[in-house]
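The following paragraphs are intended to be read alongside the sequence and the coordinates. They begin with the sheet and then turn to selected residues, the nonpolar cores and the overall totals.

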Amino acid sequence: MPSEPGTAVPLPDDVGDLVALVDTDPVRAVAELDVVLTEAVGPDRDRLDGLEGEERTRVAHLLLLRARAGHFRRDLAAHEDTAAALQLLDAEEEPLLAAQALNMHAISSGYLGDLHAQLRCLDRGLEALLRAEGPEATRLRSVMRHNLAVALYDLGDARGALGLLADARREARVLGHPRQQEWVLMSSVAAASFLLRGYEGQAPLQGEERERLLADIGRWTEEAAVAADRAVQVGEGLANRRGASWCLARHAQLTGDLETALAHARAAVSLVGTLGEVDVLARARALLAEILMDLGRLDEAESILVEATEATDRLGSVTSVMVWHMLAVCRERRGDLRGALAAMRRYVTAVTASRDMQVHNTASVNAARLRREEVERERDTWRRTSEHERRAARVDPLTGIENRRAFTDAMVEHAQAGTRLALAIIDLDHFKSVNDRFGHVVGDEVLVRVGAAMTAALPAPRGATPTPGIGLYRVGGEEFVLAFAVEGLDDPAVAAVVERVRTSVSAVDFSDIGVPVRDEYSGDLAVTASAGVAIGVPVDAASPAGDLLRAADRQLYTAKHKGRDRLVGP
């Protein structure tokens with residue numbers, strides 16, 4: 001199961017073309033990035049500590065991009081690049097970039113066999129993402145969840161990996177990045193295959209659970225093929241259907257169609273080989289050899305496995321365990337007991353290293369799981385709190401209607417979109433006298449009820465009256481603004497919308513309010529409203545609704561002058 005470097009690292013404009021080169025020709029990309037980085041920090045990174053401000057961020061971007069290119073070829077220099085980038089980054093100020101660096105450092109730690117560091121980096125990266133928002137943060141969070149599953153799989157916990165991958169599959173579908181979806185599905189097929197085939201002395205699954213999981217693999221394989229085709233169509237970096245070919249080979253093998261499996265496995269090896277992904281290539285070769293062994297073509301299988309060991313021995317014990325065990329089994333079937341014994345000794349060495357690592361990291365795996373759950377809970381709490389704070393800043397606490405800040409933001413959006421609006425100022429008549437004669441407590445209750453009545457009178461955005469983007473805002477003590485798009489509405493229709501909202505004020509019943517009478521005032525409490533409306537397009541400037549507001553205010557003045565309780569305009 002391959003880890004994902006994650007989202008492409010954005011770059012300054014002067015070297016932005018290197019992003020595409022990393023995904024198409026990583027060897028050339030590394031050479032060109034070497035030149036750029038030498039100019040920036042010197043041949044031995046002697047200027048790294050002296051970088052400040054934007055230059056620090058720029059160099060961190062470049063280091064991560066070179067590390068991304070190195071990851072595809074399993075170049076261990078990528079570990080040094082990600083470590084250097086982490087020295088330059090502040091997780092508080094640049095949480096997304098820091099999380100990206102931690103994710104990539106986790107991958108290179110895995111190459112070195114340090115799964116403890118890998119899990120620690122993923123844990124820190126997820127924590128950094130608590131402070132980041134936006135689609136790239138969401139995608140990176142999904143990528144890191146996938147990489148946690150890969151780490152569990154490499155520790156032999158295929159069931160735990162499948163649990164994490166269920167979430168990763170859902171996220172990949174929602175995010176709509178086909179190459180990422182193909183990769184997650186490939187990992188899902190790999191983890192399920194581990195349970196179905198029974199590796200490293202484990203008994204393969206049987207019965208209903210086997211049938212269910214086999215059906216899941218068939219479905220995931222179909223989805224992976226669709227995602228791979230789409231990735232190629234949209235030109236996502238490194239999209240060449242290698243993951244889907246691997247899934248197709250594994251599914252055909254599990255269902256007994258070995259010749260079809262062999263064709264897909266050869267295709268996967270060829271596709272991976274063109275990109276130089278050493279670890280993925282070793283795993284693809286292992287699958288090809290396994291299928292050849294199922295077909296009884298042991299000589300071919302041994303040749304492929306011997307070639308694979310040359311790469312796996314420098315990629316870490318996890319991959320070595322798989323390849324050396326397969327080679328021992330292959331030689332035993334051929335009757336080469338001496339060769340099988342030699343391979344088994346190498347296998348035992350790899351297993352010992354792997355088991356020691358698993359014992360050392362079991363607590364870390366469990367801690368990472370718990371921390372991941374804590375991070376998710378903290379993230380949800382932070383988002384709810386943040387959303388509540390954002391909404392509180394845009395809502396009038398008394399009436400629950402959006403406030404002047406929300407109105408200004410809406411006008412900026414309408415100005416940018418060039419929306420033609422009707423903008424009406426609705427002002428309560430003689431409201432000062434309500435406060436003077438009945439008290440401010442009653443005045444507040446009047447505002448609450450009037451706000452609710454006007455909100456209830458708003459036409460639905462998709463109702464019979466075409467009033468898209470309609471909004472009601474409290475912009476002053478007793479002053480409200482109604483705004484809506486007027487496309488498809490003539491002046492009488494615009495006036496009808498405003499009049500419906502305005503007259504809802506005079507229909508409010510205040511008879512249940514016990515009011516203290518002041519200044520020997522007698523009579524029922526009643527409130528009316530005057531309104532002025534104007535039509536136009538907000539200007540995208542410091543005060544986008546300024547001209548419209550002034551025009552509506554002139555109409556409101558006319559309404560007041562003519563006796564109040566009326567609408568003037570548009």
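**The sheet and its surroundings**

Five strands form an open sheet in the order β2-β3-β1-β4-β5, with mixed pairing. Here helices (H or I, at least four residues) and strands (E, at least two) are DSSP runs, numbered from the N terminus, and two strands pair if DSSP finds at least two bridges between them. At the edges stand β2 (471-474) and β5, each with a single partner strand, so one side of each is left without a neighbour in the sheet. Helix α20 (residues 491-506) packs on the sheet and touches β1, β3 (479-485), β4 and β5, its direction making about 155 degrees with that of β4. Helix α21 (residues 546-561) also packs on the sheet, touching β1, β3, β4 and β5, and its direction makes about 145 degrees with that of β4. Contact means heavy atoms within 4.5 Å; axes are lines fitted to C-alpha atoms, for helices over the stretch in contact, and angles run from 0 to 180 degrees between N-to-C directions.

This is a predicted model, in which local features need pLDDT of at least 70 and side-chain atom pairs count only at pLDDT 80 or more, whereas totals for chains, interfaces and linings use all residues. Residues are numbered from 1 along each chain as its sequence is written, and side-chain values use heavy atoms, with hydrogens and water left out.

Strand β4 pairs with β1 in the antiparallel sense over 8 bridges; within this pairing, Ile426 stands opposite Ala531 of β4. Strand β4 also runs parallel to β5 (residues 567-568), to which 2 bridges join it, and Gly532 has Val568 in β5 as its bridge partner. Of the 8 residues of β4 (residues 529-536), 7 are buried, so this strand is largely enclosed by the rest of the structure. Buried means under 20% relative accessible area, exposed over 50%, and partly exposed in between (1.4 Å probe, protein chains only).

Thr419 lies in the loop between α17 (404-417) and β1 (421-428). Thr419 is buried, with a relative accessible area of 17%. Leaving aside neighbours within four places in sequence, Thr419 is in contact with His414, Ala485, Gly536, Val537 and Pro538. Thr419 and Val486 are 67 residues apart in sequence, yet 8.5 Å apart in space, C-alpha to C-alpha.

Glu302 belongs to helix α14 (residues 298-312) and is buried, at a relative accessible area of 13%. Not counting residues up to four places away in sequence, Glu302 touches Leu327, Cys330, Arg331 and Arg334. The side chains of Glu302 and Arg334 are joined by a polar contact of 2.6 Å.  A polar contact is a pair of N or O atoms within 3.5 Å; within protein, one must be able to donate a hydrogen and the other to accept it, and residues adjacent in sequence count only if both atoms are side-chain atoms.

**Cores and totals**

The largest nonpolar core has 77 residues, of which Trp246 and Leu305 touch the most other members. Such a core is a set of buried Ala, Val, Leu, Ile, Met, Phe, Trp, Tyr and Cys residues joined through side-chain atoms within 4.5 Å. A second, separate core of 36 residues includes Val450, Ile470, Val494 and Ala531.

The protein as a whole has 21 helices and 5 strands, and buried residues make up 53% of its 570 residues.
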